[in-house]
Structures are given as C-alpha cells and as structure tokens.
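Please read it with the structure open.

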Amino acid sequence: MWQLISKKLYFWNIFENTGSITIAVMEEFHDYTMMFLTIIITFITVFIYRLMTTKMTNYNFKENINLEIIWTILPMVILFMIAYPSLYYLYLFDLSMKPTVTMKVFGAQWYWIYENFDTEKGQSYSSYMTPDSELLNGLPYKLGWRLLETDTRLVVPYGTEVQCLTTSLDVIHSFSIPELGIKIDAIPGRLNSVTFQVTKPGVYYGQCAEICGTGHSFMPICLEALV
Ligand SMILES: [Cu+2]
C-alpha cells in the first residue's frame, strides 16, 4: 500500500528533483510542516462533523479548566516546533563555511554575466538565451529546452561548496534555480551571496525571478554541474 502511494507520488512528481542539499532539506521541512497541517485539519474536520451531527452536548466540556489549559498550550508548542527548525534552516542556508569556488554573477538587461573569482581580470563570459530559430535549425545535439537553453552555461563542480556573489549592472534581477533551492536578488550597487552544493551532476535550469523589463522572460540561467 505505502509502496504504491510513494510510487504514485513519485510519478506525479509533486516536487522537482532535488539537485542540492539545500532543496533536499527544504523538502524535508515541508513534509514535516505538512504533518502538523494534516493532523490539525483531520482533527478539526472530525470535530466539526461530530458537533453538527450530535444533538446532545457533553456537560464536561463547559468551564473545563484542564481542557482550556491544553488548548492554549498545545498550539504554542506546535508553533514552536514549526518555527524553531524554520529559523534554524533559514540561518543555516545563509552560512558559508569555506566555499571552494566563488562565482561572480552579474544580472544585465537581458542576459547574465558569469565570472570566476580566481581567474584573471576580464575572464568573464556572457550567457544569452538560445533563440528559437537557432534551436530549430541547430544540430541535433544542440536541441534543448525552449526559452531555457543558453549559449554559454555557468559551469560549477559538483559535490563542492559553491558561492555565487550576485549583483546587477542596471535594474534588479533575481538569480533563481528552483531545482537547487536558490533564489537571490541581483541588486545594482549591492553584493548578495548564496552558497550551495550540487549533489547530482547535470544541467539545471532557472529563470530571472524579478520583473526587469521586456526581456525578463528571455534571460534564463543554465547551470552545468560537472564531475
Ligand atoms: Cu528579470
């Protein structure tokens, strides 16, 4: 039975595949929070149903001090059990111990510029979306996802801690890769940082997540994690 349910859940693919530690932890936390939600909703539904269908009232429910203490304390405990890990992970994801690779990510209207922190000056490369005409006319190996493929990819090593420092050249952009659990604003004049560790080698797609002009939908992020 449970095997069938888990198989079905996998088939529906409710979540995207987990590509980094961050998103795996986020999914665990989501399931944990949903557990409370399911219990509470089930309890309330049963309770309302019983109240509506039963004509008699239990006299012990009225002015019951113990009951009132329980329904004051219990929600507090549940809220704490959700809030504590939530804040814990929030600050944990911000923590950058010692990243092996640091990449500079510049948002621009409407493309991304990537630069390895360690290389010499001027070693940056721009990453533009591959237009439809090129995708259709290109060689078979070039066929990729429409509006997601780029001419140059952001290449990072897999299994190592990578730090991305984001900023912008013009307006606010947002560097987001859902499969890796990353979303960080690229703000002109400011430097934001995000740390992640890719757990599976492969290609990960993302899009700008902050309305930045007419080309907003056409500045995808294509990250390649290499072994
Ligand atoms: Cu945008």
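The expected span of a helix is 1.5 Å times one less than its number of residues. The model is predicted. It holds four helices and ten strands, and buried residues make up 20% of its 227 residues.

**Overall make-up**

- From the N terminus on, the elements run α-α-α-β-β-β-α-β-β-β-β-β-β-β.
- Among contacts between residues at least 6 apart in sequence, 64% join residues at least 24 apart.

**Helices H2 and H3**

- Two of the 33 residues of H2 are buried, so this helix lies largely in the open.
- Helix H3 has 30 residues and reaches 44 Å from its first C-alpha to its last, close to the 44 Å expected at 1.5 Å a residue.
- The number of buried residues in H3 is zero out of 30, so H3 too lies largely in the open.
- The axes of H2 and H3 (residues 65-94) come within 11 Å and cross at roughly 170 degrees.
- Angles over 145 degrees count as roughly antiparallel, and H2 and H3 are therefore roughly antiparallel to each other.
- On the H2 side of the contact are Thr22, Val25, Phe29, Thr33 and Phe36, which meet Ile78, Ile82, Pro85, Ser86, Tyr89 and Phe93 in H3.
- By class, this contact has eight nonpolar, three polar and no charged residues.
- An α-helix has 3.6 residues a turn, so residues three or four places apart point the same way.

**The five-stranded sheet**

- Five strands form an open sheet in the order E3-E2-E1-E5-E8, with mixed pairing.
- Strand E3 (124-127) and strand E8 (192-197) stand at the edges with a single partner strand each, so one side of each is left without a neighbour in the sheet.
- On average, neighbouring strands of this sheet are turned by 25 degrees against each other, direction ignored.
- Strand E5 (residues 161-168) pairs with E8 in the antiparallel sense over six bridges.
- Within this part of the sheet, Gln163 stands opposite Thr195 in E8.

**The three-stranded sheet**

- Three strands form an open sheet in the order E4-E10-E9, and the pairing is mixed.
- The edges are strand E4 (154-157) and strand E9 (202-206); each has a single partner strand, so one side of each is left without a neighbour in the sheet.
- From one strand to the next, the twist averages 25 degrees.
- E4 and strand E10 (residues 221-226) pair in the parallel sense over four bridges.
- Leu154 has Leu223 in E10 as its bridge partner.

- Strand E6 (residues 173-177) and E7 run antiparallel and are joined by five bridges.
- His173 stands opposite Ala186 in E7.
- Strand E7 (residues 182-186) has a covered face made of Ile182, Ile184 and Ala186, while Lys183 and Asp185 make up an uncovered one.
- In a regular strand the side chains alternate between the two faces of the sheet.
- The hairpin has four residues between its strands, and Gly181 takes a positive phi near 70 degrees.

- Leu180 is placed in the loop between E6 and E7.
- A residue is buried if 20 or more other C-beta atoms lie within 10 Å of its own, and Leu180, with 27 C-beta neighbours inside 10 Å, therefore counts as buried.
- Leaving aside neighbours within four places in sequence, Leu180 is in contact with Gly19, Ser20, Thr22, Ile23, Phe196, Val198 and Tyr204.
- Of these contacts of Leu180, Thr22 is also one of the H2 residues that meet H3.
- The C-alpha atoms of Leu180 and Gln197 are separated by 8.3 Å, and these two residues are 17 apart along the chain.
- Glu27 is found in helix H2 and counts as partly exposed because it has 15 C-beta neighbours inside 10 Å.
- Glu27 and Gly181 are 154 residues apart in sequence and 9.7 Å apart in space, C-alpha to C-alpha.

How values were computed:
Residues are numbered from 1 along each chain as its sequence is written. This is a predicted model: local features need pLDDT of at least 70, side-chain atom pairs count only at pLDDT 80 or more; totals for chains, interfaces and linings use all residues. A residue is buried if 20 or more other C-beta atoms lie within 10 Å of its own, exposed if 12 or fewer, and partly exposed in between; C-beta atoms are placed from the backbone. Two strands pair if DSSP finds at least two bridges between them. Axes are lines fitted to C-alpha atoms, for helices over the stretch in contact, and angles run from 0 to 180 degrees between N-to-C directions. Angles under 35 degrees count as roughly parallel, over 145 as roughly antiparallel, 65 to 115 as roughly perpendicular and the rest as oblique. Two residues are in contact if their C-beta atoms, placed from the backbone, lie within 7 Å. Ala, Val, Leu, Ile, Met, Phe, Trp, Tyr, Cys and Pro count as nonpolar, Asp, Glu, Lys and Arg as charged, and the others, Gly among them, as polar.
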